Amino acid sequence: MNMPTDQTALDALIRQRLDEILPQKLEELQASKTPSMTIIATKGTLDWAYPPFILASTAAALGWNVSIFFTFYGLNLLKKDISDLKVSPLGNPGMPMKMPFGPDWFKGINWNIPNIVQAGIPGFESMATMLMKQTIKNNGVASIEELRSLSQEADVKFIGCQMTVDLFGFTHGDFIEGVEYAGAATFLPQAQKADVSLFM
Amino acid sequence: MNFDKELDAKGLNCPLPILRAKKALAEMSSGQVLRIMATDPGSVKDFAAFAKQTGNELLSTAEKGKEYEFYIKRK
């Protein structure tokens, strides 16, 4: 092969070879890379406990590396006992209030209860939570406890925000085993490298 | 179709059928076939995506009334 002597011809040759080689090389690199995801979980209610654990456990099942940072109210999701997570229809016009029992026509009714009534009835939130949990069960949707332990089994990393632990007066003993504690400086470099980064 | 293991995911909703399938596949050896029965209509697209991403081969998908049947070959 005759090597071109002048710079321009050499550059043209390199560009041409790169065009030939690069697409396949990039595809190989893409295929060999393990996808990764970081999630910030900031909410501590029953409804908002679902998105981080559903996505984390599913991503892990797809073979991704996943970590969830639990901060502020999200720390509630790491407590040993999460059977007291609640969901509130108060000030939440998007939440349907339906009965999980009785004939279909009855189950289909959306009980539109005014905020002022909801706020005035003691135990309204507990009742709404009970109804929601029954609906979850009826529909074959996993419990938060189940999704959380499935995530842990699948090596999803749980990271608790140490600042929030201090702020809310928690101790590490309040939370399940296997949680690491760190801060924003730990999250950011991981998020920088992650393919998917979500705030919930 | 022959299969080596069966998973009953009927009545389970997203993402449980996928999670259970992943677990079942992990306990199998390469080349073995897993048969999955599910009722979640979302599982049709989900199992296709799961197979594509994990490299386990989705041999067939069938709809039988309100039930779905999948055959997945372990990578």
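**Entry 1: chain B**

Among contacts in chain B between residues at least 6 apart in sequence, what percentage join residues at least 24 apart? I looked this up in the model, which is a predicted one, and found 59%.

I then listed the elements of chain B and noted two helices and four strands. Read from the N terminus, their order is β-α-β-α-β-β.

For the overall dimensions I took the C-alpha trace of chain B, which spans about 30 × 25 × 20 Å along its principal axes. The radius of gyration of chain B is 11 Å, which agrees with a compact globule, because a globule with 75 residues would have a value near 11 Å. I also looked up burial: 31% of the 75 residues of chain B count as buried.

**Entry 2: the sheet of chain A**

I turned next to chain A and traced an open sheet of five strands, ordered β4-β3-β2-β1-β5, with parallel pairing. The edge positions belong to β4 (179-182) and β5 (196-199) of chain A; each has a single partner strand, so one side of each is left without a neighbour in the sheet. On average, neighbouring strands of this sheet are turned by 20° against each other, direction ignored.

I followed one pairing in detail. Strand β3 (residues 157-161) of chain A pairs with β4(A) over four bridges, in the parallel sense. Which residue in β4(A) is the bridge partner of A:G160? I found A:Y181 in that position.

I also recorded helix α8 (residues 184-193) of chain A, which lies across β1 (36-41), β2 (65-70), β3, β4 and β5 of chain A. Helix α8 runs at about 140° to β1(A).

**Entry 3: where chain A meets chain B**

I counted 11 residues of chain A in contact with 11 residues of chain B. On the chain A side, helix α2 (residues 46-61) gives the most, with four residues. That side of chain A comprises six nonpolar and five polar residues, and no charged ones.

Against which helix of chain B does α2(A) pack at an angle of about 35°? I identified helix α1 (residues 16-26) of chain B, and noted that the two axes are 9 Å apart. The crossing of α2(A) and α1(B) is left-handed.

I listed the residues that meet there: A:S57, A:T58 and A:A61 from α2(A), and B:I18, B:L19 and B:K22 from α1(B). By class, the residues of this helix contact are three nonpolar, two polar and one charged.

Conventions. Residues numbered from 1 in each chain as written. Chains lettered and ligands numbered in written order. Predicted model: local features only at pLDDT ≥ 70, side-chain atom pairs only at ≥ 80, totals over all residues. Contact = placed C-beta atoms within 7 Å. Nonpolar A, V, L, I, M, F, W, Y, C, P; charged D, E, K, R; others polar. Pairing = 2+ DSSP bridges. Axes fitted to C-alpha atoms, helices over the stretch in contact; angles between N-to-C directions. Left-handed = near helix turned anticlockwise from the far one by under 90°. Rg over C-alpha atoms; globule rule 2.2 N^0.38 Å. Buried ≥ 20, exposed ≤ 12 C-beta atoms within 10 Å, placed from the backbone.
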